[in-house]
Amino acid sequence: MTYPVLQRELTVHLNNGHWYLRPMDDPAILGPVDFGWHRYRLYPDSFTFGEGLLAGSSIPGTRRLVFCAWSPQWESFYVSSMGGAAYTFHGLGVNYVALRGRALEPSVLLLNHRQGEIHARLEPVNVDVIWSGYADPDGEPIIGFYALQQALYDRYASEYAPNQVRIFAVGPASLVTKEGAIGSSPIRKGAFVPVEDWAGRGGLGSRLLQYHNVVGCVFGGEWEDPDLRDSKEIDAYFLEHFGKRTIQTDLALTTKYRYASEFNTGGTFGVNMHNMYDRILSANYRSIYASDEERSQQHREFILDHYLRQFNEETIAPKKQTHCGEPCAVTCKKYYGKYKKDYEPYHALGPQVGVFDQRAAERLNHHADTMGFDAIQLGGMLAWIMELIAEGLIPPEDFGFPPATELNFHFIANQHDFDLVEDSQRNADYAITIIDGILFTPACTVFRDGIRLAAVMLDEEYGINSRDRAVYLSNGEAGYMVPNQYWVPGMFSPMPLMGKYYVHYEVEYLPPEELGRKNVERMTYELFNDNSGICRFHRKWAEVITDEILAAHYDLEVDYKAHQFALARAIFEQEKEKAVPWESGRIADLIMGFLQQMVDYGFSHPDLKDWLHRFADDKSTAAQDYWERIHDGISQAFADGPAAIQDKLSPGQSGDLNPGS
């Protein structure tokens with residue numbers, strides 16, 4: 001068939017700075033994940049980023065910048081994205097960028113579209129000096145990621161037209177760990193807005209710096225795209241399916257991320273923290289061993305009455321909210337001062353490390369961001385280390401950490417035994433000390449390769465079983481991933497790309513084989529978002545009509561669901577041999593605890609109690625079998641083909657934490 005979409009790719013050879021631009025007419029490439037996977041198979045050393053086909057439209061939420069590369073952390077192909085950045089990237093006039101090779105010295109990549117021409121070059125950067133200290137526009141000292149981002153803006157922003165430049169950069173974590181994130185802040189009126197977004201999962205910042213020797217990218221340009229600017233055309237698609245125009249539909253289907261009136265809160269932090277109830281995960285997941293009543297009490301006294309109350313009073317009530325850098329009425333970015341508040345970072349670097357106060361959580365999360373870490377991954381590592389120290393399993397002095405007497409870290413349900421301000425601050429201080437140790441202290445080198453290898457080395461050194469207390473997913477020989485912060489078995493599934501939402505994570509019981517099949521369905525529909533550059537917060541409409549918009553506007557003769565399914569299956573087929581069963585006894589306990597909750601919530605599937613009995617009789621064997629059954633369901637779903645996937649979902653998967661939702 002004739003390929004009706006004109007796309008362009010820009011390839012940069014980092015070893016010599018040479019680059020070329022060429023049109024693409026491959027009908028198999030409809031988005032940035034397609035492109036990243038295509039380049040990865042041709043040249044496994046490629047690092048790609050790009051936008052979706054709707055990035056030039058007026059549709060809100062369609063301008064995520066999507067990164068693809070081999071993940072040094074997961075040891076497989078990986079996809080990560082950041083909000084709003086493609087709004088500026090679109091001005092470059094290309095769809096995708098591919099990096100090959102390694103720059104001769106740490107460098108920044110500059111991409112610009114100026115006076116009708118595309119420009120690309122590398123500039124060396126003394127990144128260690130900048131990370132150690134720089135001054136913001138007010139003369140205040142800043143370090144790490146924020147220092148590098150500001151320095152790159154100060155040096156190169158003058159080459160770009162006003163409001164047509166954005167920067168992504170990395171921090172020190174990308175230099176010495178596998179868990180470095182790529183961060184980017186919106187720029188308005190010549191200043192950074194403190195609602196930075198992160199391509200955090202998978203350690204692609206570490207890949208960018210350690211393998212390619214690139215510390216960041218300054219991008220933007222003057223290219224103007226007249227395509228898909230007709231609001232009447234766009235509104236017609238939404239009116240046909242939802243009976244409302246584009247903006248009205250989007251607002252109606254994204255209330256959780258803006259403001260949920262039934263809970264008097266909003267955003268991922270507000271709604272998810274409100275809905276935890278007895279599914280709270282705290283103190284390195286040790287809350288799972290407490291009773292339902294104790295967990296509910298901790299949720300009520302620690303979260304509802306303090307942690308969430310602070311957020312509602314300081315952020316929701318005064319409407320401290322904005323968007324990620326693209327025009328979007330959802331304004332999902334909730335903030336207080338310079339601190340952006342999202343659920344998963346403020347959970348992994350909150351209750352999981354014994355922090356239940358906003359001031360303490362702000363200090364800890366900001367320090368993690370400053371150092372350029374994936375916050376979820378870091379939270380899992382810190383919580384595990386803090387448990388080992390608190391339980392006397394490893395001597396803190398061996399790593400340069402303070403004595404355990406300075407650490408108040410264990411599961412407590414009653415706030416009379418835990419000072420929510422003082423003890424949270426103590427735990428946050430201890431966690432910050434560990435972060436700095438991992439990055440800068442030779443005695444902490446054992447932790448730089450991640451939680452999985454560190455557990456093996458600590459167990460050999462101290463004759464302990466730290467691995468059973470570590471919560472991570474395994475992939476390949478040494479790949480690992482701290483799961484997203486939801487107590488559901490979907491988040492522990494053997495899917496080829498974990499740490500994202502390519503799984504079924506509703507709070508309901510499904511037999512493990514059926515869960516595996518639902519995971520494949522979710523990966524297929526999540527690729528409607530990632531492979532289209534659409535923010536998944538808009539998935540309740542994106543999964544319904546993205547295919548029809550693209551087919552009608554571009555005259556694409558393609559089954560969009562089958563296309564995404566084929567992409568998911570190709571990734572699975574190449575990476576499936578790397579799947580590794582759970583190595584930690586605590587994950588087995590998490591699964592067993594979830595099954596007990598489902599019984600308590602009234603789910604009555606015939607094999608639910610049978611699984612509980614099997615876990616009670618032989619936890620290790622039952623966990624192995626449960627994992628294998630999920631894997632069997634995944635494999636069978638991919639073997640059955642796209643016909644096994646629902647043609648249309650109910651408008652999106654909510655992901656809410658309510659029982660049975």
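Trainee: Which residue in β16 is the bridge partner of L109?

Mentor: The partner of L109 in β16 is C217. A caution first: this is a predicted model, where local features need pLDDT of at least 70, side-chain atom pairs count only at pLDDT 80 or more, and totals for chains, interfaces and linings use all residues. Residues are numbered from 1 along each chain as its sequence is written, and side-chain values use heavy atoms, without hydrogens and water.

Trainee: What makes β7 and β16 a strand pair?

Mentor: Strands (DSSP runs of E, at least two residues, numbered from the N terminus) pair if DSSP finds at least two bridges between them. Between β7 (residues 107-114) and β16 there are 7 bridges, so the two count as paired. They run parallel.

Trainee: How does β11 run against β16, parallel or antiparallel?

Mentor: Antiparallel: 5 bridges join β11 (residues 165-169) to β16. In that pairing, R166 stands opposite F219.

Trainee: Why is β16 called mostly covered?

Mentor: Buried means under 20% relative accessible area (exposed is over 50%, partly exposed in between; 1.4 Å probe, protein chains only). In β16 (residues 214-221), 8 of its 8 residues are buried. F219 also belongs to an aromatic cluster, with F47, F49, F67, F89 and F168.

Trainee: How many aromatic pairs does the structure hold?

Mentor: There are 39.

Trainee: Why is the pair of Y486 and Y505 called edge-to-face?

Mentor: Rings of Phe, Tyr and Trp (its six-membered ring) pair if their centres lie within 6.5 Å; planes under 30 degrees apart are stacked, over 60 edge-to-face, the rest tilted. Here the centres are 5.2 Å apart and the planes at 65°, so the pair is edge-to-face. Y486 and Y505 are both buried.

Trainee: What about W611 and Y626?

Mentor: Their ring centres lie 5.0 Å apart with planes at 80°, so this pair is edge-to-face. W611 is in helix α21 (residues 608-617) and Y626 in helix α22 (residues 619-640), so the pair ties together parts 15 residues apart in sequence.

Trainee: How do you know that R614 lies over the face of W611?

Mentor: The test needs CZ of Arg, or NZ of Lys, within 6 Å of the ring centre and within 35 degrees of the ring normal. R614 lies over the face of W611, 4.4 Å from the ring centre. R100 sits over Y43 at 4.0 Å.

Trainee: Where does pLDDT stay under 50?

Mentor: Over residues 652-661. pLDDT is the predictor's confidence in each residue, from 0 to 100. The chain averages 93. Where pLDDT is low, predicted coordinates should not be read in detail.

Definitions and conventions: Helices (H or I, at least four residues) and strands (E, at least two) are DSSP runs, numbered from the N terminus. Contact means heavy atoms within 4.5 Å.
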